[in-house]
Amino acid sequence: MSVQIKTIEYEPKRQTFGHVARRLGADKPASRYLEATLDVQPTVNFHYKPQWEPEFWHFDARKTAVVMEDWYKPLDPRQFYYATYNIARANMNQSVERSFAFADERGLIAKLSDDARSQIEHGLLPLRHLHWGANMNMTEICQRGYGTAVTAPCIFSAMDHLGMAQIVSRIGLALDGQTGVSLDMAKETWLNNPAWQGVRKLIEDSFVERDWFQLFVAQTLAVNGVILDLVYKHADAAWQEAGVTVAMLTEFMTDWRAEESRWSDSVIKTVAAESPENKALVSQWAKLWIDRAVEAAKPLSASLLGDNGAVAEAAGEATRKRALSLGLAL
Amino acid sequence: MTAKKLGLKQRYAHMTRGLDWETTYQPMDKVFPYDQFEGIKIKDWSAWEDPFRLTMDAYWKFQAEKERKLYAVLDAFAQNNGQASVSDGRYINTLKLFLTGVSPLEYQAHRGFAFTGRHLRGAGPRVAAQMQSLDELRHVQTQIHTISQYNKYFDGLSEFPHMHDRVWYLSVPKSFFDDARAAGPFEFMIAIGFAFEYVLTNLLFVPFMSGAAYNGDMSTVTFGFSAQSDESRHMTLGIEVIKFLLEQHPDNLPIVQKWVDKWFWRGFRVLGLVAMMMDYMLPKKVMSWKEAWEIYFTEGGGSLFQDLARYGIKVPKYADVATEAAEHISHQNWAVFYQYTHAAGFHTWMPDREHLDWLSEKYPNTFDKYYRPRWEMWAQAEKEGKRFYNMALPQLCQVCQIPMAYTEPGDPTTICFRETQFKGETYHFCSDGCKDIFDDEPEKYAQSWLPVHQIFQGNCGGPTVPDVLNWYRMNNGADNMDYAGSPDEKLWNEWHAKAAEAAG
Amino acid sequence: MAQIASLTLYHNDDARPIIEAILADNPGVRVMNLPGCVKLDSDGPLVINRASVEERLGRTWDPQEMHLVIISMAGHLDEDDDQFTVSWRH
C-alpha cells in the first residue's frame, strides 16, 4: 500500500528582505546573520539633535575620522547574531564550570604555596578592573559607532569582558575562601601599586577618547594584544606551580581572544583597506596605542616576571606584526 | 575541602560590585561627561539595588536556552509553512505594523541602553543597562527572523528599515524614540526604562502576543513571550531607576515627575497604534484595547502609582484624559488609516457584521453612537463603488506627529486643536498633553522632521502620491490599499482553495 | 484601591509546577487564563518557594530559572536562593 501525502506548494514571492537582496546583488536566500544585521540601524530623517552632543545626530558617521563608503562592509566572520553569540558563550561557560569544579574537588587552589597565591593576587586579579574598563570601551563603541555590522559585536564584546571580569573574580574568591578579601586587595593593587599604574593610566586615557574607531583600535588591537596577551598568554612562569591551574581557569579568555580577534582584526583590516586616508589614520592610531600599551605593560611585566619589561616588549612586537598583517604601516 | 557555596546576593556582590573605581589619571567628569546637565543629584551610587543579580554565566545559560527553544519553533514553523495556518490573511497586517513600527524601536533601545550602560556613573545601573542593551538587540533580531518567513510570501514587510526612516505614520514611533535618545541618560532611563517598559509595555506585548497565539501565529507568540521574559528584568530596572532617583535627593522629584508626565503621554500616543491593531487588525480578538487599558494601566498602573506616592510622585498628568480616550482611540486611528490606505504600508478594511457587533459590545458607551454609523456609511460607499479616500495631506501634531484626528476630551464630535507661538512661528498640537511637552522644550520639538511638511518642501521624492510612495519603496497596488483585491488576499485564497482541494 | 501583585507565566510544562506551587502557597490568588499564558494576581505578596517547586518538579530548582518561564510581573521583586517574591510595600 502506498501512502500518498498530499501537499501544497508554497512558492515564495521573495527570498529575503529588499535591502538584503540589494546588498547580495540578487533576491536569494540570506543567512540569519545577514538578515539580523544589514541596514538595521536607522540612517536618515532624525528628529532632534541630542542634548548631550548637539553637533551630531545620535546615529552619525562623523563620530570617527575614518570614512567608509558603506559601514556594512566590515562584517563579522563569526556571523554572530544574538542567538549564536549566546549559545557559543553558554557552551564556553560549561567548560568554565567544569574547570572550577575540578579545581575545587582536587583542592588545586587550596594547596597553592603562599608565593603562587601572592603572585596571582598581584598579577592576575587586578585584571578584573582592566576587563571592566574594556567593557566600558566596547559599550561606548556600541553606542557611538555607526552601522549594526560593527556595533552589534561590540555589545557582545562588552559583555564578554564583564563575564571575564567575573571569572577573574571567581579565581579570587576561590583563593580567599569566598570572603572577597583578595578582591579588595586586588583593587588596592590596581589603584596604587606602581606595577599597575601604567595599565590603569592607559585604560583611563582610553575612556576619554572621542573618536570611536580610534578607541576600537586602542582596545582591540593594543590593550587586548599587549596587556591581555601579556598576562594570559606570556606570564605562565609568573604563577609558579599554579601555571596549569591558572591556564585551566582562564581557558575562556584564551579561547575568547582567539575568536574575538578574528572579528576585530578583520574590522580593522577592512576599514584600513578602504582608502589611503583610512590606512594612514588607522596606522597612526595603532602605532600610538601599541607604543603606549607597551610602555604601560613594562613595569607589570618586570614585576611579574622579573624580566625588566622584555615580555611586554615581545607582546608589543607580536602586536605590531599583527598590525602589519592587517595592512597597516607602522 | 570544598569551598562553601555563596548565596546569590553575596556572590553577585563580589562578582560585580567593586569592579569600578574613581579614575585619577583622567577626571571623572571627563570620563562621564553627560550625567550632570539634567540636574539630577546622586549622592551615593552604591545605594543602587540589583534585584535580579544575574552574573554573565547565568545570563548566557538562560538566554541560550531561551534562544534554542525559540529557534526550534521558528524552524518548525518554516518547515510546516506556518504562515498559511494563521487565522486569516488579514492577520499579517499586524506583523507589518510591528516590523516597520516596533522592531526598529527595539534597535534604538539597544543603542540607547548602550549609551546609559556606558555613561551612568554607577556600576550597578550600568551593568543592568548593558544587559538590557544586549536583550534589546535580541528582540530586534528575533523579530526580524520570525517575520522573515512571512516576508517570503506577503507584501509590506520587505523594506522595513527604509520605511521606518521615511513613511509618514512611522515617524510617530520613530520620533518617540529619537526623543528619548536625544535626551540625557537619566531622562532616557525614565522614558524608556520606567514609563515605557514598566508602565506601558504590557499593553504592547501581553495582549498583542496573546492575540498572536489566538490567531495561530505560533512563531510570533513564541518570540513575543520569550522577549517578554527579558522584559520582566527590564521592568524591574525601570522601577529601580525611579526609586533610586527619588531616594537620592528631594530635588529630583519635580524633574522626575515632569518626565513621568511627558513620557506617559508620549507612550500613550504611540500605543494608539497598538490599540488599533487589537481592536481592528486581529481577526480573532483576545480583548479590547479598553479592557487591556483597564487591566494594565488602571489596575497595574494604579498599584504602581499608589506605591510611588510615598516619594511624592503623582499619577501622570492627563492619565484621566488617556483613560477616557481608551473609548475612542482605536476607532479614530483606524478611521485615519482607512482614509489614507493608499499611503499605508499595510491593508485596511471595514469591519464585517460580526466584528461590528463585537465592537458594539466592547464599547457600549461610544461605538454605536460615534463610530458604527460611519463604518456602515463607508461600507455602503464601498459597495456602490465609491470607496472613500482622503487625498488631502493631513495636518500633523508637532509633538506626536499623528494626524489631527483626535477629539476633545468629553466631546467626541469636535476635533481637538491646540497651538502655540514660538519664535514667530505657529505650531499645532492634537492635545494639551502634546502642547505641554512642546511648551516645556520648544527648541527640541521645533526641530521635528514632520513628514507632511517634508513632502510639501519637496524632500520626499516629489509632489504626487506615486512619487512619495516610490520614495517610500512602497509598492503601489501591493503594499498599500484595502485587503480586498490585494495580492495578499489572492494568495491567501489560493492557498485555502488548494488546501480544501487537498483535503478532498 | 487594592494594590495587586502579579506574575504572568507561560502556560507550558516548565511553568506548570511553578504555577501549582504558587497556588498552593498563596491562598486567594486569582488566575486569569490567556492564550499561551496565565496571569496570577494577588492582593498580598506573591511568593514562589524553591522547596515547593522542587517538591513538584522532583529535582533541584534555582529561583533564577524563573527567567525561563516569566512573561511579566507587577510589584517589587525580592529574590534569593530560596524564594522569589513580588509584592508592593506600600
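Okay, let's start inside chain B, with two helices: the axes of H3(B) and H9(B) come within 9 Å of each other, and they cross at roughly 170°. An angle over 145 degrees counts as roughly antiparallel, so that's what we call H3(B) relative to H9(B). Before I go on, keep in mind that this is a predicted model.

So which residues meet there? From H3(B) we have Lys66(B), Leu70(B), Val73(B), Leu74(B) and Phe77(B). Facing them in H9(B) are Met218(B), Ser219(B), Thr222(B), Phe223(B), Ser226(B) and Ser229(B). Sort the contact of H3(B) with H9(B) by class, and you get six nonpolar residues, four polar and one charged.

Now, on to where chain B meets chain C. The contact takes 31 residues from chain B and 27 residues from chain C. On the chain B side, five helices each supply at least two residues: H1 (8–16), H3 (56–79), H8, H9 (218–248) and H11 (289–308). Which helix gives the largest share of that side? That's H9(B), with nine residues.

Let's move over to chain C itself. You'll find two helices and seven strands in chain C, and from the N terminus the order reads β-α-β-β-β-α-β-β-β. Four of the strands make an open sheet, ordered S2-S3-S1-S5, with antiparallel pairing. At the edges sit S2 (30–34) and S5 (70–74) of chain C, each pairing on one side only. Going from one strand to the next, the twist averages 15°.

Zoom in on one pair. Strand S1 of chain C, residues 5–10, is joined to S5(C) by four bridges, and the two run antiparallel. Leu7(C), for instance, stands opposite Met73(C) in S5(C).

And here chain B comes back into the picture. Helix H8 of chain B, residues 185–214, packs on this sheet, touching S1, S2, S3 (37–42) and S5 of chain C. The direction of H8(B) makes about 135° with that of S5(C).

A compact globule of 90 residues would have a radius of gyration near 12 Å, and chain C agrees, because its value is 12 Å. Along its principal axes, the C-alpha trace spans about 40 × 30 × 20 Å. Buried residues make up 41% of chain C. And if you take the contacts in chain C with a separation of 6 or more, 63% of them are between residues 24 or more positions apart.

Notes:
Residues are numbered from 1 along each chain as its sequence is written. Chains are lettered from A and ligands numbered from 1 in the order in which they are written. This is a predicted model: local features need pLDDT of at least 70, side-chain atom pairs count only at pLDDT 80 or more; totals for chains, interfaces and linings use all residues. Two strands pair if DSSP finds at least two bridges between them. Axes are lines fitted to C-alpha atoms, for helices over the stretch in contact, and angles run from 0 to 180 degrees between N-to-C directions. Two residues are in contact if their C-beta atoms, placed from the backbone, lie within 7 Å. Angles under 35 degrees count as roughly parallel, over 145 as roughly antiparallel, 65 to 115 as roughly perpendicular and the rest as oblique. Ala, Val, Leu, Ile, Met, Phe, Trp, Tyr, Cys and Pro count as nonpolar, Asp, Glu, Lys and Arg as charged, and the others, Gly among them, as polar. The radius of gyration is taken over C-alpha atoms; the globule rule is 2.2 Å times the number of residues to the power 0.38. A residue is buried if 20 or more other C-beta atoms lie within 10 Å of its own, exposed if 12 or fewer, and partly exposed in between; C-beta atoms are placed from the backbone.
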